[in-house]
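Please look over the sequence and the structure shown here before reading on. The briefing that follows takes the chain as a whole, and then turns to its loops.

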Amino acid sequence: MTGLCSASLILPSVVISSFSRHIFFIALAALACSCNKAEVKKPVEYTGPISEAEKVELYYTENDKVKIKMLADVLYEFQTGDREFPKGIYMEFYKEDGSLESTLRANHAYFFKAENQWRGRGKVEVKNLQKNEQLNTEELFWKPAEKKIFTEKFVTIRQQSDVIYGEGLDAKQDLSDYTIRRPTGEIEVKD
């Protein structure tokens with residue numbers, strides 16, 4: 001009888017073990033089928049700055065002569081080559097003889113590398129020191145390759161004796177020559 005009892009004790013455990021395996025495989029299959037591909041999230045790509053600099057002073061030179069001096073409190077550089085100046089920018093433009101010709105100041109600036117174009121925002125101010133004129137606007141674009149500045153926004157130009165208002169502007173970067181697209185106000189014309 002002992003042999004018969006031990007055989008009957010082993011039999012239930014084999015049956016339970018086989019039953020457990022079937023339950024395990026059914027549960028595993030149900031789990032695999034229930035995974036929704038929409039739930040799988042792609043990794044988030046970092047688009048923030050790859051470098052940061054403080055108290056920046058840069059010089060652009062041609063033929064060993066300083067053409068532009070740029071100052072900024074903070075500079076962020078991105079993977080694309082774009083640059084952001086969240087605390088503003090100040091630039092000085094020099095003539096061939098080395099004399100200071102004009103300045104540009106903006107509360108916020110951004111350089112778009114692909115377009116080789118700058119955008120200044122906030123309180124934007126351009127001064128032509130030779131003509132003693134000043135441009136004020138809230139947004140201004142600058143194309144260094146063409147040495148042009150432009151905007152669609154409202155502009156104010158303070159001359160020695162007049163103030164000119166308008167919307168939209170196309171000008172040389174030093175403000176020596178400009179066109180206001182839609183001038184407003186009164187302009188005195190001298191004979």
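**Two loops in a predicted chain**

K147 lies in the loop between β8 (133-143) and β9 (148-158), where strands (E, at least two residues) and helices (H or I, at least four) are DSSP runs that are numbered from the N terminus. This is a predicted model, in which local features need pLDDT of at least 70 and side-chain atom pairs count only at pLDDT 80 or more, while totals for chains, interfaces and linings use all residues. Residues are numbered from 1 along each chain as its sequence is written, and side-chain values use heavy atoms, with hydrogens and water left out.

**Backbone in the loops**

- Most residues other than glycine have a negative phi.
- K147, although not a glycine, has a positive phi of about 55 degrees, and its relative accessibility of 42% makes it partly exposed (between the limits for buried, under 20% relative accessible area, and exposed, over 50%, with a 1.4 Å probe and protein chains only).
- N63, which is not a glycine either, has a positive phi of about 50 degrees; N63 is placed in the loop between β1 (51-62) and β2 (65-77), and counts as exposed at 74% relative accessibility.

**The chain as a whole**

- The chain has one helix and eleven strands, which follow the pattern α-β-β-β-β-β-β-β-β-β-β-β when read along the sequence.
- Of the 191 residues in the chain, 32% are buried.
- Among contacts (heavy atoms within 4.5 Å) with a separation of 6 or more, 33% are between residues 24 or more positions apart.
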